[in-house]
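Student: I would like to go through this model and ask what stands behind each description.

Tutor: Here it is.

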Amino acid sequence: MIDLGFVGPSRPAKDYRFLSVTDGDTPNIAMAIRMVSIDTPESEFGGSPATAQAALDRTRARLLDGTYDALPEDLRDHLVSRITPDAAQRHQAAGKAAAEAHKDMVSTRLTRPDGSQRKLAVIATGELVEGNGRLLAYTAPWFSGGSSDPLPPRDDPRRRTFNLDMVALGWAATFLIYPSIPPTADLNLLLDEADAAWTQQLGVWAQFGHDLLLGYEYRACIKLGAREVNDPAKAIEQAYQRVCVDLRTLTEVGLYGYHQVPPQHRLWIWEDDLEQARRDLSITPGTG
């Protein structure tokens, strides 16, 4: 028996649709991509709008009746102000609108001048596969680089990722999660576009209101609104698992302080990664 005393990274098995075999060690599968560094509203999470609204209403009631008093008061106030009677309907409608915007964007930008279809460029990140089995990546139009399909200059708008343009047009909020952080130039471009979209209230905010629950807020509130909550502390733990860092100062605001930071300046770190992130990014521990 060989025992190296080392266990490499792994993920639970996931089911993927098998497409074909092209080599002895190469099966082809259909694999969903989670577009990294961005987060759009959900179109189905939580069930129908009525079902999701019932969960949100339970969360709102619990935030007000003391069930979730372990959460800071300012976070409770922040969430209560956003859980409106139509919060689920608006959020899911925003999710569907974002999906349509993405679909139209891809269709337009992958169509060559002669009407033929380009391939999709996929740029995988440092953490390759997320918990739901989706590849974490940036996506963009693929240029073959030949004389008939030359690669545009680096700053040409045709080279922009779909991730970036979804943020720039206000259909997605930034969702930067360590360690999948883009290079400095790309990061600052993303943050500049996010700042402009938020400041000008483009896309989902223009159509569905400035108080729209962001994707990660909505998912957390749905979890807090589970029909039965026997252990409020456990429910909070399941809803809030990432520490937020203010990118402007590289200061932690903790598990529950993200609302103190404008959406375009939030960096997220899983609790298990926090010590390494502090070393890698020179983050200042906060009190949140």
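Tutor: Start with charge: 30 positive and 39 negative side chains are found in the chain, and the centres of these two sets lie 4 Å apart. Keep in mind that this is a predicted model.

Student: What makes a side chain count as positive or negative here?

Tutor: Lys and Arg are taken as positive, Asp and Glu as negative. The 30 and 39 side chains are therefore counts of those residue types, with His left out.

Student: How do you know that the radius of gyration agrees with a compact globule?

Tutor: For 288 residues, such a globule would have a value near 19 Å; the chain has 21 Å, so the two agree. The C-alpha trace spans about 65 × 60 × 40 Å along its principal axes.

Student: What makes a residue buried, and how many of the 288 residues count as such?

Tutor: The cut-off is under 20% relative accessible area. Of the 288 residues, 42% count as buried. The chain exposes about 15700 Å², and 53% of that comes from carbon and sulfur atoms.

Student: Why are strands E8 and E9 called paired?

Tutor: Pairing needs at least two bridges, and three join E8 (residues 242-246) to E9 (residues 251-254), so they pair. The two strands run antiparallel.

Definitions and conventions:
Residues numbered from 1 in each chain as written. Predicted model: local features only at pLDDT ≥ 70, side-chain atom pairs only at ≥ 80, totals over all residues. Heavy atoms only, no water. Rg over C-alpha atoms; globule rule 2.2 N^0.38 Å. Buried < 20%, exposed > 50% of the residue type's maximum accessible area, 1.4 Å probe, protein only. Areas by Shrake-Rupley, 256 points an atom, 1.4 Å probe, with all protein chains shown as cover. Charge placed at Lys NZ, Arg CZ, Asp CG, Glu CD. Helix = DSSP H or I, 4+ residues; strand = E, 2+ residues; numbered from the N terminus.
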